[in-house]
Amino acid sequence: MKGHILILTANILFGISMPIFKYLLTSNVPPEAITIMRASFACMMFWLVSFFMPKEKVLLKDLVILLVCALCGVGINQWLFVVGLKSSSPINASIIATTVPIFVLLLAAIILKEPITTKKSFGVFMGVSGGLLLVLSSTYTANSTNSLRGDILIIINNLMYSVYLVLSKPLSLRYSSVTIMKWMFLFSALILAPFCFKYVQYVPTFHKEIFNITELYALLYLLFGATFVAFMFIPMSLKHIRPTTVSMYNYVQPVIASVIAILIGQDIFSIQKLLSAILVFTGVYLVTQSNKQKAKPEISIKQQIKET
């Protein structure tokens, strides 16, 4: 139950962040600035918290995996998401986010040797159909080129996030969430800084003559709630449930993001988007129906970790 509550909370925080991201991007906050601020803030917070926790020695081979996880789960992942959202919409981005279980299913089958059943295969087909319908419908919008580009970037972003979920599962059984995240965000901040740090000076919030308290609150939420807290909960949840189950909770994001975006006039929930959501949700439901049989494989993974 603990793992489910943690990942549910993380996805609620992510869902709320969708319209907030869009608000900041339309307020001329550079996506590169948002990306480096998130990585830097979380890096400082996780290292600060680690000083008050028992020290854990990380093996060199695990640091290499953490570097890959940093690129897939934080660095490239967050940059692609923010840049993609600038052209896409909160509802599109949140619906596309629900395809993560499908990517995780395929990757888990390859990396963690999880079986793929007929039901799961049909679920993958349904989910991919929903994602394709959403992307193709973007070509008929007023700003079709930008919308399509944004949706494609967010799809790649979700693929990268799925790689992170699968690769970080064994690490979550070895180390605490703080240890995992402090290294991931350190690597991400160091890699992103040369490309993104210069854009921080262009954030309107930091200029007194055009200071906006709403933008400041939005930034603080993204840095603390949607980055530090949410990313800390992900490895904590992976200690208790499998990556495929964790990814299932991405379906919460479009519900939260859609309600907020529609209420504040950021987006419109069209028939195409509704049909896409139904197809994706149905696919996710079918993919995760075999969760009842996952307790036994979970033990085998833990045994493999102990043997290494």
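Start with the whole chain and its contacts (heavy atoms within 4.5 Å). Of the contacts with a separation of 6 or more, 89% are between residues 24 or more positions apart. A word on what you are viewing: this is a predicted model, where local features need pLDDT of at least 70 and side-chain atom pairs count only at pLDDT 80 or more, while totals for chains, interfaces and linings use all residues. Residues are numbered from 1 along each chain as its sequence is written, and side-chain values use heavy atoms, with hydrogens and water left out.

Now switch to the cartoon view. You will find 13 helices and 0 strands; these are DSSP runs, numbered from the N terminus, with helices being H or I of at least four residues and strands E of at least two.

Next, show the surface. The protein chain exposes about 14100 Å², with 72% of it supplied by carbon and sulfur atoms; the area comes from the Shrake-Rupley method with a 1.4 Å probe. Of the 308 residues, 56% count as buried, meaning under 20% relative accessible area (1.4 Å probe, protein chains only).

Hide the surface and select Tyr-164, Leu-165, Met-184, Phe-185 and Ile-234. Within the largest nonpolar core, which has 75 residues, these five touch the most other members. Such a core is a set of buried Ala, Val, Leu, Ile, Met, Phe, Trp, Tyr and Cys residues joined through side-chain atoms within 4.5 Å. Helix α9 (residues 213-238) gives the largest share of this core, 13 residues. In soluble globular proteins, nonpolar side chains tend to be buried together.

Which residues is Tyr-164 in contact with, leaving aside its neighbours within four places in sequence? Select Cys-69, Cys-72, Gly-73, Met-181, Met-184, Ile-234 and Pro-235 to see them.

A cavity is a set of points on a 1 Å grid over the protein atoms alone where a 1.4 Å probe fits but cannot get out, and lining residues have an atom within 4 Å of a point. There is 1 cavity of 30 Å³ or more, and the largest cavity holds about 230 Å³ of space. Select Phe-14, Asn-77, Phe-81, Asn-157 and Gln-253: of the 17 lining residues, these are the closest to its centre. Helices α1 (2-26), α3 (60-87), α4 (90-97) and α7 (144-174) each give two or more residues to this lining.

Last stop: pick Ile-96 in helix α4. Ile-96 has a relative accessible area of 2%, so it counts as buried. Draw a line from its C-alpha atom to that of Asn-157, 61 residues apart along the chain, and you get 9.8 Å.

Methods
1 Å grid on protein atoms, 1.4 Å probe; cavity = no way out; pocket = protein on both sides within 12 Å on 5 of 7 lines; lining within 4 Å. Points joined across faces, edges and corners; volume = space filled by probe spheres on them. Buried < 20%, exposed > 50% of the residue type's maximum accessible area, 1.4 Å probe, protein only.
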